[in-house]
Amino acid sequence: MRAGILASTVILAAAQAQLVPFLKTPSHPHMDQQQRPLEADAPGNQLPPFPNAASAQGDVILSDVIGNQRQINIFAGFTRDVSSVSTRLETTGLNTTVLAPSNSALSSLPRKPWENPNDYDSLGAAAYEGQAGEDRAGKNLRRFTEAHVVLASPWKEGEKARNMLGSEVWWENKGGMAVVQPGGVEVERVVSRVANGEVWLLKGVLNYAT
Ligand SMILES: *[C@@H]1O[C@H](CO)[C@@H](O)[C@H](O)[C@H]1NC(C)=O
């Protein structure tokens, strides 16, 4: 509810602003010590338990760290605007792997994540205008974002898991490179590992078509 109208407004504003990254400066007292940016760290060679896993738990959770990486701050904004996702990332009892497309992956999409060609086909250029248009955009953005939230962590190679849309996803090592399937979307690295899950940086986006 709370996110609905706000989100759509932000979305449309961002559309006009060419996806200028939303500003993100969450401050959490434990962030600096506990958040663990893992440079050059693909899941393929990082799946063995993280050496500091125990200390990484602490009380830092995904909602604390999702906004910390500049490379994914557009997607981080989506996770805040979509209430089902922000709730999941705030939940400590359930682990999650967030597959966060990089800003550049999002910017190079042929259409915005909240645009659906079907909407333009049926409604024309005004598809996202007015309240109904905002609602439509919000719904599309929710689908997009939920497609990138996997309901498992740790998430092992080959393990079939589900995203928040209920679709099955897994990842495999292809020539030393971790790729998320279906779609073969390359994982650049794991950017955060906290008590209730991990954030992976993707070089592309997953299919979220309706
Ligand atoms: C959740 O993640 C933590 C940290 O990696 C792990 O210790 C725990 O076993 C996970 N729980 C489940 C149910 O997967």
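Does D64 count as buried or exposed, and at what relative accessibility? At 16% relative accessibility, D64 counts as buried, where buried means under 20% relative accessible area, exposed over 50% and partly exposed in between, with a 1.4 Å probe and protein chains only.

Before I go on, a word on the model. It is a predicted one, in which local features need pLDDT of at least 70 and side-chain atom pairs count only at pLDDT 80 or more, while totals for chains, interfaces and linings use all residues. Residues are numbered from 1 along each chain as its sequence is written, and side-chain values use heavy atoms, with hydrogens and water left out.

Now the chain as a whole. The protein chain has nine helices and seven strands; these are DSSP runs numbered from the N terminus, helices being H or I of at least four residues and strands E of at least two. Of its 210 residues, 49% count as buried. Among the contacts with a separation of 6 or more, 65% are between residues 24 or more positions apart, contact meaning heavy atoms within 4.5 Å.

Let me turn to the sheet. The seven strands form an open sheet in the order β2-β1-β7-β6-β5-β4-β3, with mixed pairing, and two strands are said to pair if DSSP finds at least two bridges between them. At the edges stand β2 (149–150) and β3 (161–162), each with a single partner strand, so one side of each is left without a neighbour in the sheet.

Strand β1, residues 96–101, has six of its six residues buried, so it is largely enclosed by the rest of the structure. T96, V98 and A100 point one way from β1, whereas T97, L99 and P101 point the other way. β1 pairs with β7, residues 197–202, in the parallel sense over six bridges, and there L99 has W200 as its bridge partner. With β2, β1 runs antiparallel and is joined by two bridges, V98 standing opposite V149.

Further along, β5 (residues 177–181) and β6 (residues 185–194) pair in the antiparallel sense over two bridges, with V180 opposite V185. In the loop between these two strands we find P182, which is joined to Q181 by a cis peptide bond with omega of about -5 degrees. A cis peptide bond also joins S153 and P154, with omega about -5 degrees, and P154 lies in the loop between β2 and β3.

Finally, the helices. The axes of α5 (residues 73–81) and α6 (residues 83–90) come within 5 Å and cross at roughly 95 degrees, which makes α5 roughly perpendicular to α6. Here the axes are lines fitted to C-alpha atoms over the stretch in contact, with angles from 0 to 180 degrees between N-to-C directions, and roughly perpendicular covers 65 to 115 degrees. T79, R80 and D81 in α5 meet S83, V85, S86 and L89 in α6.

Helix α9, residues 130–147, has 18 residues that at 1.5 Å a residue should span 26 Å, and its end C-alpha atoms are 26 Å apart, which agrees; the expected span is 1.5 Å times one less than the number of residues. The buried residues of α9 include G133, E134, A137 and F144.

Conventions: Angles under 35 degrees count as roughly parallel, over 145 as roughly antiparallel, 65 to 115 as roughly perpendicular and the rest as oblique.
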